[in-house]
Amino acid sequence: MPESAPCWNHEAEFIVPGALRALQSQRLAEVVARVYESVPYYRQKLEAAGVRPAEIRGIEDIGRLPFTGKDDLRKTYPFGLFAVPMEQVVRVHASSGTTGKSTVVGYTREDVETWAEVIARTLAAGGTQRGDVVQNSYGYGLFTGGLGLHYGAELIGATVVPTSGGQTKRQVQLLGDFGATVLCCTPSYALVIGETGREMGVDFKDLPLRVGFFGAEPWSPGMRQEIESVLHAHALDIYGLSEIIGPGVSFECLEKDGLHINEDHFYPEVVDPETGEPVPEGEVGELVFTTLTKQALPLLRYRSRDLTRIFSEPCGCGRTLRRMERVTGRSDDMLIIRGVNVFPSQIEEILMGIDETTANYVLVVDRKPRGMDELEVQVEVSQATFSDEMSKLEALDERIRSEIESRLGIRAAVRLVEPKSLERSMGKAKRVIDRRDLGE
Amino acid sequence: MTAVQISVFLENKSGRLAEVTHALAGGGVNIRALSLAETIDYGVLRLIVDKPKEAKTALAEAGFTVTETEVIAVEMPDRPGGLSGVVDMVTGRGLNIEYLYAFVGQRGENAVVIFRIDKAEEAIAVLKEGGAHMLSAAELGAI
(Lines give C-alpha, C1' and ligand atoms only; values in the text may rest on other atoms or scores of the structure.)
Protein backbone atom coordinates (compact mmCIF):
# COMPACT_ATOMS: atom_id res chain seq x y z
CA MET A 1 0.00 0.00 0.00
CA PRO A 2 2.66 2.62 0.90
CA GLU A 3 4.11 2.58 -2.64
CA SER A 4 0.72 2.99 -4.23
CA ALA A 5 -0.77 5.58 -1.84
CA PRO A 6 -1.70 8.53 -4.01
CA CYS A 7 0.07 11.77 -3.07
CA TRP A 8 0.98 15.16 -4.48
CA ASN A 9 4.38 15.96 -2.98
CA HIS A 10 6.13 12.75 -2.03
CA GLU A 11 9.24 14.47 -0.75
CA ALA A 12 7.31 16.59 1.73
CA GLU A 13 4.64 14.11 2.73
CA PHE A 14 6.95 11.13 3.25
CA ILE A 15 9.84 13.13 4.69
CA VAL A 16 12.15 11.46 7.21
CA PRO A 17 11.17 12.77 10.66
CA GLY A 18 14.69 14.06 11.42
CA ALA A 19 14.78 16.05 8.20
CA LEU A 20 11.33 17.45 8.92
CA ARG A 21 12.44 18.63 12.34
CA ALA A 22 15.50 20.33 10.86
CA LEU A 23 13.30 22.06 8.29
CA GLN A 24 10.81 23.15 10.96
CA SER A 25 13.64 24.47 13.14
CA GLN A 26 15.11 26.52 10.36
CA ARG A 27 11.72 27.88 9.32
CA LEU A 28 10.74 28.71 12.90
CA ALA A 29 13.90 30.78 13.40
CA GLU A 30 13.16 32.58 10.13
CA VAL A 31 9.55 33.38 10.93
CA VAL A 32 10.38 34.68 14.40
CA ALA A 33 13.06 36.94 12.95
CA ARG A 34 10.65 38.09 10.26
CA VAL A 35 7.79 39.06 12.54
CA TYR A 36 10.22 40.75 14.92
CA GLU A 37 11.54 42.86 12.06
CA SER A 38 8.32 43.57 10.20
CA VAL A 39 5.42 43.60 12.68
CA PRO A 40 5.70 46.22 15.44
CA TYR A 41 2.94 44.49 17.38
CA TYR A 42 4.92 41.23 17.43
CA ARG A 43 8.15 43.00 18.25
CA GLN A 44 6.47 44.42 21.35
CA LYS A 45 4.95 41.08 22.23
CA LEU A 46 8.28 39.30 21.92
CA GLU A 47 10.04 41.96 23.91
CA ALA A 48 7.41 41.80 26.61
CA ALA A 49 7.99 38.05 26.78
CA GLY A 50 11.74 38.66 27.01
CA VAL A 51 12.47 36.78 23.80
CA ARG A 52 15.14 37.85 21.35
CA PRO A 53 14.84 36.25 17.90
CA ALA A 54 18.44 35.04 17.99
CA GLU A 55 17.58 32.87 20.96
CA ILE A 56 15.06 30.85 18.94
CA ARG A 57 17.36 28.34 17.28
CA GLY A 58 15.12 25.39 16.79
CA ILE A 59 11.70 23.90 17.24
CA GLU A 60 12.61 22.92 20.82
CA ASP A 61 12.57 26.63 21.70
CA ILE A 62 8.99 27.16 20.55
CA GLY A 63 7.63 27.04 24.10
CA ARG A 64 9.41 30.30 24.84
CA LEU A 65 7.31 32.20 22.34
CA PRO A 66 4.16 33.99 23.46
CA PHE A 67 0.79 32.76 22.22
CA THR A 68 -1.26 34.65 19.65
CA GLY A 69 -5.04 34.72 20.01
CA LYS A 70 -8.09 36.03 18.23
CA ASP A 71 -7.82 39.01 20.53
CA ASP A 72 -4.50 39.99 18.96
CA LEU A 73 -6.12 39.95 15.53
CA ARG A 74 -8.95 42.10 16.80
CA LYS A 75 -6.64 44.64 18.38
CA THR A 76 -4.72 44.99 15.15
CA TYR A 77 -7.79 44.96 12.88
CA PRO A 78 -7.70 44.94 9.92
CA PHE A 79 -4.10 44.69 8.70
CA GLY A 80 -1.97 45.36 11.78
CA LEU A 81 -0.39 41.91 11.92
CA PHE A 82 0.54 41.83 8.23
CA ALA A 83 4.27 41.36 7.83
CA VAL A 84 4.51 42.67 4.27
CA PRO A 85 3.55 45.96 2.66
CA MET A 86 0.06 45.94 1.12
CA GLU A 87 1.58 46.02 -2.39
CA GLN A 88 2.57 42.41 -1.78
CA VAL A 89 -0.82 41.30 -0.50
CA VAL A 90 -2.74 39.82 -3.40
CA ARG A 91 -5.79 38.58 -1.49
CA VAL A 92 -7.67 39.00 1.75
CA HIS A 93 -10.31 36.78 3.29
CA ALA A 94 -12.38 37.40 6.39
CA SER A 95 -14.45 35.46 8.84
CA SER A 96 -16.64 36.64 11.66
CA GLY A 97 -14.97 37.47 14.95
CA THR A 98 -16.15 37.36 18.55
CA THR A 99 -17.48 40.89 18.41
CA GLY A 100 -18.60 43.05 15.51
CA LYS A 101 -15.26 42.97 13.73
CA SER A 102 -14.19 40.30 11.30
CA THR A 103 -11.00 38.33 11.49
CA VAL A 104 -9.07 39.46 8.43
CA VAL A 105 -6.34 37.39 6.84
CA GLY A 106 -4.01 38.25 3.97
CA TYR A 107 -2.01 36.34 1.39
CA THR A 108 0.99 37.16 -0.75
CA ARG A 109 1.38 35.45 -4.11
CA GLU A 110 3.66 32.96 -2.40
CA ASP A 111 1.04 32.31 0.30
CA VAL A 112 -1.58 31.62 -2.36
CA GLU A 113 0.86 29.12 -3.86
CA THR A 114 1.50 27.49 -0.48
CA TRP A 115 -2.21 27.22 0.04
CA ALA A 116 -2.72 25.62 -3.37
CA GLU A 117 0.11 23.20 -2.53
CA VAL A 118 -1.45 22.01 0.73
CA ILE A 119 -4.85 21.68 -0.92
CA ALA A 120 -3.27 19.74 -3.77
CA ARG A 121 -1.84 17.34 -1.17
CA THR A 122 -5.31 17.08 0.38
CA LEU A 123 -7.07 16.33 -2.88
CA ALA A 124 -4.35 14.00 -4.12
CA ALA A 125 -4.52 11.99 -0.89
CA GLY A 126 -8.04 11.02 -1.97
CA GLY A 127 -6.80 10.10 -5.42
CA THR A 128 -7.60 13.33 -7.26
CA GLN A 129 -5.47 13.89 -10.33
CA ARG A 130 -5.40 15.56 -13.72
CA GLY A 131 -8.47 14.41 -15.62
CA ASP A 132 -10.72 14.52 -12.58
CA VAL A 133 -13.71 16.85 -12.53
CA VAL A 134 -13.92 18.66 -9.19
CA GLN A 135 -17.27 20.19 -8.28
CA ASN A 136 -16.48 22.77 -5.65
CA SER A 137 -19.59 23.62 -3.67
CA TYR A 138 -17.86 25.53 -0.91
CA GLY A 139 -18.93 29.16 -0.84
CA TYR A 140 -16.78 31.49 -2.93
CA GLY A 141 -16.13 34.87 -1.38
CA LEU A 142 -14.69 36.13 1.86
CA PHE A 143 -15.00 32.60 3.25
CA THR A 144 -11.79 30.67 2.57
CA GLY A 145 -13.50 27.43 1.51
CA GLY A 146 -14.37 28.17 -2.11
CA LEU A 147 -11.20 29.81 -3.41
CA GLY A 148 -9.01 27.65 -1.17
CA LEU A 149 -10.12 24.38 -2.73
CA HIS A 150 -10.30 25.97 -6.17
CA TYR A 151 -6.63 26.85 -6.47
CA GLY A 152 -5.47 23.48 -5.17
CA ALA A 153 -7.64 21.62 -7.65
CA GLU A 154 -6.34 23.79 -10.50
CA LEU A 155 -2.76 23.20 -9.39
CA ILE A 156 -3.33 19.48 -9.75
CA GLY A 157 -4.72 20.13 -13.21
CA ALA A 158 -8.19 18.84 -12.46
CA THR A 159 -11.21 20.46 -14.11
CA VAL A 160 -12.86 22.71 -11.56
CA VAL A 161 -16.60 23.34 -11.61
CA PRO A 162 -16.96 26.32 -9.26
CA THR A 163 -20.62 25.92 -8.33
CA SER A 164 -20.23 27.57 -4.91
CA GLY A 165 -23.03 26.84 -2.44
CA GLY A 166 -26.78 26.77 -2.94
CA GLN A 167 -29.14 25.93 -5.81
CA THR A 168 -28.97 22.32 -4.80
CA LYS A 169 -31.04 20.91 -7.66
CA ARG A 170 -28.66 22.53 -10.11
CA GLN A 171 -25.73 21.11 -8.16
CA VAL A 172 -27.18 17.62 -8.57
CA GLN A 173 -27.90 18.23 -12.24
CA LEU A 174 -24.32 19.39 -12.90
CA LEU A 175 -22.81 16.53 -10.92
CA GLY A 176 -24.39 14.23 -13.45
CA ASP A 177 -24.03 16.36 -16.59
CA PHE A 178 -20.36 17.27 -16.09
CA GLY A 179 -19.48 13.92 -14.59
CA ALA A 180 -17.82 15.17 -11.42
CA THR A 181 -15.56 12.58 -9.85
CA VAL A 182 -14.74 14.77 -6.85
CA LEU A 183 -17.06 16.85 -4.65
CA CYS A 184 -16.02 19.52 -2.15
CA CYS A 185 -18.48 21.00 0.38
CA THR A 186 -19.47 20.89 4.01
CA PRO A 187 -20.51 17.45 5.27
CA SER A 188 -24.03 18.59 6.01
CA TYR A 189 -24.37 20.01 2.51
CA ALA A 190 -23.16 16.69 1.12
CA LEU A 191 -26.18 15.10 2.78
CA VAL A 192 -28.46 17.77 1.40
CA ILE A 193 -27.11 17.09 -2.09
CA GLY A 194 -27.68 13.38 -1.50
CA GLU A 195 -31.23 13.92 -0.28
CA THR A 196 -32.06 16.33 -3.11
CA GLY A 197 -30.66 13.86 -5.62
CA ARG A 198 -32.83 11.13 -4.17
CA GLU A 199 -35.91 13.35 -4.50
CA MET A 200 -34.95 14.05 -8.11
CA GLY A 201 -34.71 10.35 -8.78
CA VAL A 202 -30.93 10.35 -9.18
CA ASP A 203 -29.11 7.18 -8.17
CA PHE A 204 -25.61 8.18 -7.16
CA LYS A 205 -24.46 4.66 -7.94
CA ASP A 206 -24.82 5.60 -11.58
CA LEU A 207 -22.68 8.75 -11.27
CA PRO A 208 -18.89 8.76 -11.61
CA LEU A 209 -18.46 10.54 -8.25
CA ARG A 210 -15.60 8.82 -6.40
CA VAL A 211 -14.51 10.94 -3.47
CA GLY A 212 -15.58 14.00 -1.50
CA PHE A 213 -13.64 16.41 0.71
CA PHE A 214 -15.86 17.61 3.48
CA GLY A 215 -14.89 20.15 6.08
CA ALA A 216 -15.48 23.60 7.57
CA GLU A 217 -17.70 22.14 10.25
CA PRO A 218 -17.44 19.31 12.75
CA TRP A 219 -18.87 15.94 11.82
CA SER A 220 -19.01 12.45 13.18
CA PRO A 221 -18.02 8.97 12.00
CA GLY A 222 -21.73 8.19 11.77
CA MET A 223 -22.16 11.04 9.35
CA ARG A 224 -19.26 9.75 7.25
CA GLN A 225 -20.99 6.39 6.92
CA GLU A 226 -24.22 8.06 5.95
CA ILE A 227 -22.58 10.30 3.33
CA GLU A 228 -20.66 7.38 1.87
CA SER A 229 -23.74 5.21 1.63
CA VAL A 230 -25.82 8.00 0.07
CA LEU A 231 -23.23 9.33 -2.39
CA HIS A 232 -21.43 6.05 -3.09
CA ALA A 233 -18.10 7.83 -2.68
CA HIS A 234 -15.31 8.10 -0.14
CA ALA A 235 -15.91 10.89 2.36
CA LEU A 236 -12.69 12.48 3.60
CA ASP A 237 -12.26 15.09 6.28
CA ILE A 238 -10.35 18.31 5.68
CA TYR A 239 -9.39 20.77 8.40
CA GLY A 240 -8.20 24.32 8.51
CA LEU A 241 -8.72 27.75 9.92
CA SER A 242 -8.47 30.97 8.02
CA GLU A 243 -5.97 32.49 10.45
CA ILE A 244 -3.45 29.78 9.60
CA ILE A 245 -4.23 29.56 5.87
CA GLY A 246 -7.77 28.26 5.45
CA PRO A 247 -8.69 24.68 4.56
CA GLY A 248 -5.69 22.43 4.02
CA VAL A 249 -3.97 22.72 7.39
CA SER A 250 -4.56 18.99 7.73
CA PHE A 251 -6.24 16.32 5.63
CA GLU A 252 -7.33 12.71 5.68
CA CYS A 253 -5.86 10.05 3.45
CA LEU A 254 -7.87 7.05 2.28
CA GLU A 255 -6.99 5.23 5.53
CA LYS A 256 -9.58 7.55 7.12
CA ASP A 257 -7.80 7.38 10.43
CA GLY A 258 -6.89 10.89 11.48
CA LEU A 259 -5.80 13.96 9.55
CA HIS A 260 -2.20 14.43 8.40
CA ILE A 261 -0.98 17.85 9.38
CA ASN A 262 1.00 19.78 6.78
CA GLU A 263 3.55 20.37 9.49
CA ASP A 264 6.32 21.55 7.18
CA HIS A 265 4.14 24.68 6.83
CA PHE A 266 2.10 24.72 10.04
CA TYR A 267 3.79 23.59 13.22
CA PRO A 268 1.27 22.06 15.59
CA GLU A 269 1.29 21.88 19.37
CA VAL A 270 -1.34 20.65 21.79
CA VAL A 271 -1.62 22.56 25.03
CA ASP A 272 -3.77 22.57 28.11
CA PRO A 273 -6.37 25.24 27.31
CA GLU A 274 -6.30 26.49 30.91
CA THR A 275 -2.58 26.65 31.62
CA GLY A 276 -1.14 26.85 28.11
CA GLU A 277 1.33 24.10 29.05
CA PRO A 278 1.99 21.39 26.45
CA VAL A 279 0.15 18.15 27.13
CA PRO A 280 1.97 14.82 26.71
CA GLU A 281 1.91 13.46 23.16
CA GLY A 282 -1.34 11.73 22.34
CA GLU A 283 -3.41 13.55 24.93
CA VAL A 284 -6.30 15.82 24.11
CA GLY A 285 -5.82 19.55 24.40
CA GLU A 286 -6.10 22.74 22.40
CA LEU A 287 -4.45 22.85 19.00
CA VAL A 288 -1.91 25.63 18.58
CA PHE A 289 -0.33 26.45 15.22
CA THR A 290 2.73 28.39 14.20
CA THR A 291 2.85 29.27 10.52
CA LEU A 292 6.34 28.37 9.35
CA THR A 293 6.19 29.75 5.83
CA LYS A 294 3.38 32.30 5.67
CA GLN A 295 4.49 35.70 4.35
CA ALA A 296 1.55 38.09 4.66
CA LEU A 297 0.20 36.97 8.01
CA PRO A 298 2.72 34.88 9.95
CA LEU A 299 1.33 33.84 13.34
CA LEU A 300 3.27 32.48 16.30
CA ARG A 301 1.58 29.83 18.44
CA TYR A 302 -1.95 30.74 17.39
CA ARG A 303 -4.59 29.35 19.74
CA SER A 304 -7.10 27.59 17.50
CA ARG A 305 -9.49 26.83 20.39
CA ASP A 306 -10.09 23.49 18.68
CA LEU A 307 -9.71 20.48 20.92
CA THR A 308 -8.10 17.29 19.67
CA ARG A 309 -5.02 15.08 20.06
CA ILE A 310 -1.96 14.55 17.87
CA PHE A 311 -0.32 11.19 17.35
CA SER A 312 2.75 10.07 15.45
CA GLU A 313 2.18 6.33 14.96
CA PRO A 314 2.92 5.33 11.37
CA CYS A 315 -0.07 5.57 9.04
CA GLY A 316 -1.06 2.84 6.63
CA CYS A 317 -0.55 5.26 3.76
CA GLY A 318 3.12 5.67 4.66
CA ARG A 319 3.02 9.43 5.14
CA THR A 320 5.25 10.61 7.96
CA LEU A 321 3.30 13.79 8.60
CA ARG A 322 1.82 13.41 12.06
CA ARG A 323 -1.92 13.04 12.41
CA MET A 324 -4.56 14.75 14.48
CA GLU A 325 -7.89 13.29 15.36
CA ARG A 326 -10.91 15.05 14.01
CA VAL A 327 -11.79 18.04 16.14
CA THR A 328 -14.41 17.14 18.71
CA GLY A 329 -14.86 20.34 20.62
CA ARG A 330 -13.89 23.90 21.35
CA SER A 331 -12.22 25.48 24.32
CA ASP A 332 -14.34 28.56 23.78
CA ASP A 333 -18.04 28.82 23.00
CA MET A 334 -17.72 29.30 19.24
CA LEU A 335 -20.20 27.37 17.15
CA ILE A 336 -19.62 26.40 13.56
CA ILE A 337 -22.92 26.37 11.75
CA ARG A 338 -23.00 25.60 8.03
CA GLY A 339 -19.36 26.67 7.89
CA VAL A 340 -20.01 30.01 9.57
CA ASN A 341 -18.35 30.81 12.88
CA VAL A 342 -20.88 32.04 15.39
CA PHE A 343 -20.08 33.28 18.85
CA PRO A 344 -22.94 33.60 21.34
CA SER A 345 -21.57 37.06 22.18
CA GLN A 346 -22.41 38.20 18.64
CA ILE A 347 -26.03 37.22 19.08
CA GLU A 348 -26.05 38.90 22.46
CA GLU A 349 -24.78 42.11 20.93
CA ILE A 350 -27.61 42.06 18.39
CA LEU A 351 -30.24 41.39 21.04
CA MET A 352 -28.90 44.13 23.29
CA GLY A 353 -29.57 46.53 20.45
CA ILE A 354 -33.26 45.60 20.38
CA ASP A 355 -35.36 47.17 23.14
CA GLU A 356 -38.18 44.64 23.09
CA THR A 357 -36.01 41.77 24.22
CA THR A 358 -33.96 41.03 27.27
CA ALA A 359 -30.42 39.79 26.86
CA ASN A 360 -31.63 36.39 27.97
CA TYR A 361 -31.35 33.97 25.13
CA VAL A 362 -30.43 30.43 24.32
CA LEU A 363 -28.98 29.18 21.07
CA VAL A 364 -30.16 25.76 20.01
CA VAL A 365 -28.19 24.07 17.27
CA ASP A 366 -29.61 20.99 15.68
CA ARG A 367 -28.91 18.87 12.68
CA LYS A 368 -31.89 17.05 11.29
CA PRO A 369 -31.23 13.63 9.78
CA ARG A 370 -29.81 14.29 6.31
CA GLY A 371 -30.16 17.99 6.86
CA MET A 372 -28.12 21.10 7.37
CA ASP A 373 -27.36 22.60 10.73
CA GLU A 374 -30.20 24.68 12.06
CA LEU A 375 -29.78 27.52 14.50
CA GLU A 376 -32.69 28.55 16.65
CA VAL A 377 -32.39 31.64 18.79
CA GLN A 378 -34.75 31.57 21.74
CA VAL A 379 -35.28 35.05 23.08
CA GLU A 380 -37.17 36.17 26.12
CA VAL A 381 -39.79 38.81 25.49
CA SER A 382 -39.30 41.68 27.85
CA GLN A 383 -42.09 42.30 30.34
CA ALA A 384 -41.82 46.03 29.93
CA THR A 385 -42.29 46.17 26.21
CA PHE A 386 -44.48 43.18 25.48
CA SER A 387 -47.13 44.03 22.94
CA ASP A 388 -50.31 42.02 22.70
CA GLU A 389 -50.55 42.60 18.98
CA MET A 390 -49.38 39.63 16.98
CA SER A 391 -48.23 41.81 14.13
CA LYS A 392 -45.78 43.55 16.45
CA LEU A 393 -44.50 40.30 17.91
CA GLU A 394 -44.04 38.92 14.43
CA ALA A 395 -42.26 42.08 13.37
CA LEU A 396 -39.92 41.64 16.34
CA ASP A 397 -39.27 38.07 15.30
CA GLU A 398 -38.49 39.21 11.80
CA ARG A 399 -36.25 42.03 12.96
CA ILE A 400 -34.11 39.70 15.05
CA ARG A 401 -33.94 37.24 12.17
CA SER A 402 -32.87 39.82 9.64
CA GLU A 403 -30.32 41.44 11.98
CA ILE A 404 -28.71 38.06 12.53
CA GLU A 405 -28.70 37.31 8.85
CA SER A 406 -27.22 40.65 7.83
CA ARG A 407 -24.60 40.80 10.58
CA LEU A 408 -23.55 37.14 10.80
CA GLY A 409 -24.49 35.91 7.35
CA ILE A 410 -26.51 33.04 8.73
CA ARG A 411 -30.21 32.30 8.73
CA ALA A 412 -31.63 31.52 12.12
CA ALA A 413 -35.06 30.65 13.38
CA VAL A 414 -36.21 32.96 16.14
CA ARG A 415 -38.51 31.79 18.89
CA LEU A 416 -39.92 34.24 21.40
CA VAL A 417 -40.27 32.73 24.84
CA GLU A 418 -41.64 33.84 28.18
CA PRO A 419 -39.35 35.75 30.51
CA LYS A 420 -37.46 33.68 33.03
CA SER A 421 -38.34 30.55 31.12
CA LEU A 422 -34.85 29.91 29.84
CA GLU A 423 -32.74 27.64 31.90
CA ARG A 424 -30.40 29.59 34.15
CA SER A 425 -27.62 28.08 36.08
CA MET A 426 -26.03 29.76 39.03
CA GLY A 427 -23.82 32.50 37.71
CA LYS A 428 -23.18 31.98 34.06
CA ALA A 429 -26.23 31.22 31.99
CA LYS A 430 -26.13 28.25 29.69
CA ARG A 431 -26.28 29.89 26.31
CA VAL A 432 -25.86 27.02 23.93
CA ILE A 433 -27.68 23.76 23.51
CA ASP A 434 -25.94 21.77 20.81
CA ARG A 435 -28.09 18.85 19.78
CA ARG A 436 -25.93 17.85 16.84
CA ASP A 437 -24.59 14.37 17.17
CA LEU A 438 -20.88 14.95 16.79
CA GLY A 439 -19.76 12.24 19.15
CA GLU A 440 -18.40 8.81 18.46
CA MET B 1 -64.28 55.65 26.88
CA THR B 2 -61.99 52.65 27.01
CA ALA B 3 -62.05 49.41 28.90
CA VAL B 4 -59.17 47.28 30.15
CA GLN B 5 -58.09 44.00 28.72
CA ILE B 6 -55.43 41.78 30.25
CA SER B 7 -52.97 40.36 27.68
CA VAL B 8 -50.72 37.43 28.48
CA PHE B 9 -47.78 36.10 26.47
CA LEU B 10 -47.90 32.32 26.35
CA GLU B 11 -45.45 29.84 24.92
CA ASN B 12 -47.06 26.92 23.18
CA LYS B 13 -46.35 24.47 25.96
CA SER B 14 -48.81 22.00 27.32
CA GLY B 15 -50.37 23.06 30.58
CA ARG B 16 -49.53 26.71 30.22
CA LEU B 17 -53.11 27.84 29.70
CA ALA B 18 -54.20 25.83 32.74
CA GLU B 19 -51.64 27.73 34.79
CA VAL B 20 -53.25 30.99 33.71
CA THR B 21 -56.70 29.87 34.73
CA HIS B 22 -55.38 28.52 38.03
CA ALA B 23 -53.66 31.81 38.79
CA LEU B 24 -56.84 33.71 38.06
CA ALA B 25 -58.98 31.37 40.10
CA GLY B 26 -56.52 31.72 42.97
CA GLY B 27 -56.82 35.51 42.72
CA GLY B 28 -60.61 35.33 42.83
CA VAL B 29 -60.86 36.69 39.31
CA ASN B 30 -63.79 35.89 37.05
CA ILE B 31 -63.20 35.67 33.31
CA ARG B 32 -65.87 37.41 31.18
CA ALA B 33 -64.45 36.78 27.77
CA LEU B 34 -61.23 35.61 26.22
CA SER B 35 -59.57 35.32 22.89
CA LEU B 36 -56.38 33.56 21.90
CA ALA B 37 -54.15 34.48 18.98
CA GLU B 38 -51.32 32.14 18.21
CA THR B 39 -48.35 31.31 16.00
CA ILE B 40 -46.58 27.97 15.93
CA ASP B 41 -44.36 28.96 18.83
CA TYR B 42 -46.36 31.23 21.05
CA GLY B 43 -49.67 32.91 21.58
CA VAL B 44 -51.24 35.94 23.16
CA LEU B 45 -54.18 35.36 25.46
CA ARG B 46 -56.53 38.33 25.77
CA LEU B 47 -58.86 38.42 28.72
CA ILE B 48 -61.76 40.52 29.86
CA VAL B 49 -62.17 39.99 33.60
CA ASP B 50 -64.20 41.40 36.43
CA LYS B 51 -61.11 42.59 38.36
CA PRO B 52 -58.28 43.58 35.97
CA LYS B 53 -55.88 44.81 38.70
CA GLU B 54 -56.12 41.62 40.70
CA ALA B 55 -55.82 39.58 37.53
CA LYS B 56 -52.64 41.35 36.50
CA THR B 57 -51.08 40.93 39.92
CA ALA B 58 -51.99 37.25 40.16
CA LEU B 59 -50.57 36.53 36.70
CA ALA B 60 -47.38 38.53 37.23
CA GLU B 61 -46.80 36.69 40.51
CA ALA B 62 -47.23 33.40 38.68
CA GLY B 63 -44.39 34.48 36.38
CA PHE B 64 -46.34 35.47 33.28
CA THR B 65 -45.58 38.33 30.96
CA VAL B 66 -48.74 40.33 31.31
CA THR B 67 -49.82 43.76 30.26
CA GLU B 68 -52.95 45.88 30.43
CA THR B 69 -54.26 46.93 27.06
CA GLU B 70 -56.81 49.64 26.43
CA VAL B 71 -59.65 48.34 24.32
CA ILE B 72 -63.03 49.63 23.29
CA ALA B 73 -66.06 47.64 24.39
CA VAL B 74 -69.19 48.32 22.37
CA GLU B 75 -72.62 47.04 23.19
CA MET B 76 -74.55 46.03 20.13
CA PRO B 77 -77.85 44.40 19.35
CA ASP B 78 -77.60 40.60 19.42
CA ARG B 79 -79.18 40.05 16.02
CA PRO B 80 -78.07 39.67 12.38
CA GLY B 81 -76.22 42.79 11.24
CA GLY B 82 -75.43 43.91 14.76
CA LEU B 83 -71.66 43.57 14.45
CA SER B 84 -71.69 44.66 10.85
CA GLY B 85 -73.16 48.02 11.78
CA VAL B 86 -70.47 48.68 14.39
CA VAL B 87 -67.61 47.56 12.18
CA ASP B 88 -68.86 49.72 9.33
CA MET B 89 -68.77 52.80 11.53
CA VAL B 90 -65.09 52.26 12.31
CA THR B 91 -63.76 51.05 8.97
CA GLY B 92 -65.85 53.55 7.07
CA ARG B 93 -63.56 56.22 8.47
CA GLY B 94 -60.43 54.38 7.43
CA LEU B 95 -59.57 53.24 10.95
CA ASN B 96 -57.70 50.00 11.23
CA ILE B 97 -58.91 47.27 13.57
CA GLU B 98 -55.96 45.37 15.05
CA TYR B 99 -58.24 42.65 16.36
CA LEU B 100 -61.70 42.13 17.75
CA TYR B 101 -63.71 39.49 19.49
CA ALA B 102 -67.27 39.39 20.72
CA PHE B 103 -69.21 37.77 23.45
CA VAL B 104 -72.82 37.51 24.47
CA GLY B 105 -73.23 38.76 27.99
CA GLN B 106 -76.09 38.76 30.38
CA ARG B 107 -77.17 42.25 29.48
CA GLY B 108 -80.62 41.87 28.06
CA GLU B 109 -80.75 41.43 24.31
CA ASN B 110 -77.30 42.78 23.61
CA ALA B 111 -73.86 41.36 22.82
CA VAL B 112 -70.51 43.02 23.46
CA VAL B 113 -67.70 43.41 20.97
CA ILE B 114 -64.15 44.20 22.09
CA PHE B 115 -62.05 46.26 19.66
CA ARG B 116 -58.39 47.03 19.59
CA ILE B 117 -57.93 49.97 17.20
CA ASP B 118 -54.67 51.77 16.62
CA LYS B 119 -56.22 55.25 16.82
CA ALA B 120 -58.43 54.71 19.85
CA GLU B 121 -59.50 58.34 20.36
CA GLU B 122 -60.65 58.76 16.81
CA ALA B 123 -62.49 55.48 16.99
CA ILE B 124 -64.28 56.53 20.17
CA ALA B 125 -65.36 59.77 18.54
CA VAL B 126 -66.66 57.95 15.49
CA LEU B 127 -68.55 55.42 17.57
CA LYS B 128 -70.06 58.12 19.70
CA GLU B 129 -71.14 60.00 16.63
CA GLY B 130 -72.75 56.82 15.27
CA GLY B 131 -74.70 56.36 18.49
CA ALA B 132 -72.93 53.21 19.63
CA HIS B 133 -73.01 52.45 23.29
CA MET B 134 -69.56 51.97 24.76
CA LEU B 135 -69.03 50.28 28.07
CA SER B 136 -66.68 51.64 30.74
CA ALA B 137 -64.28 49.37 32.56
CA ALA B 138 -66.65 49.32 35.51
CA GLU B 139 -69.68 48.45 33.37
CA LEU B 140 -67.75 45.74 31.62
CA GLY B 141 -66.58 44.25 34.89
CA ALA B 142 -70.12 44.26 36.22
CA ILE B 143 -71.60 42.23 33.37
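**Domain and chain contacts in a predicted complex**

The domain assignment, automatic or taken from a database, divides chain A into domain 1 (2-331) and domain 2 (337-434). The model is predicted: local features need pLDDT of at least 70 and side-chain atom pairs count only at pLDDT 80 or more, whereas totals for chains, interfaces and linings use all residues. Residues are numbered from 1 along each chain as its sequence is written, while chains are lettered from A and ligands numbered from 1 in the order in which they are written.

The C-alpha centres of domain 1 and domain 2 of chain A are 31 Å apart. Between these domains, 17 residues of domain 1 of chain A are in contact with 14 residues of domain 2 of chain A (C-beta atoms, placed from the backbone, within 7 Å). On the domain 1 side, strand 1 (89-96) and helix 8 (187-199) of chain A each give two or more residues, and helix 8 of chain A supplies the largest share, 6 residues. Helices (H or I, at least four residues) and strands (E, at least two) are DSSP runs numbered from the N terminus. This side of domain 1 of chain A comprises 5 nonpolar, 10 polar and 2 charged residues. Ala, Val, Leu, Ile, Met, Phe, Trp, Tyr, Cys and Pro count as nonpolar, Asp, Glu, Lys and Arg as charged, and the others, Gly among them, as polar.

Between the chains, 13 residues of chain A are in contact with 14 residues of chain B. Strand 20 (residues 413-417) of chain A gives the most to the chain A side, with 3 residues. That side of chain A divides into 6 nonpolar, 2 polar and 5 charged residues.

Chain B has a mean pLDDT of 89, with 97% of its residues at 70 or more; pLDDT is the predictor's confidence in each residue, from 0 to 100. For the complex, the predictor gives an ipTM of 0.78 and a pTM of 0.75.

Notes. Two residues are in contact if their C-beta atoms, placed from the backbone, lie within 7 Å.
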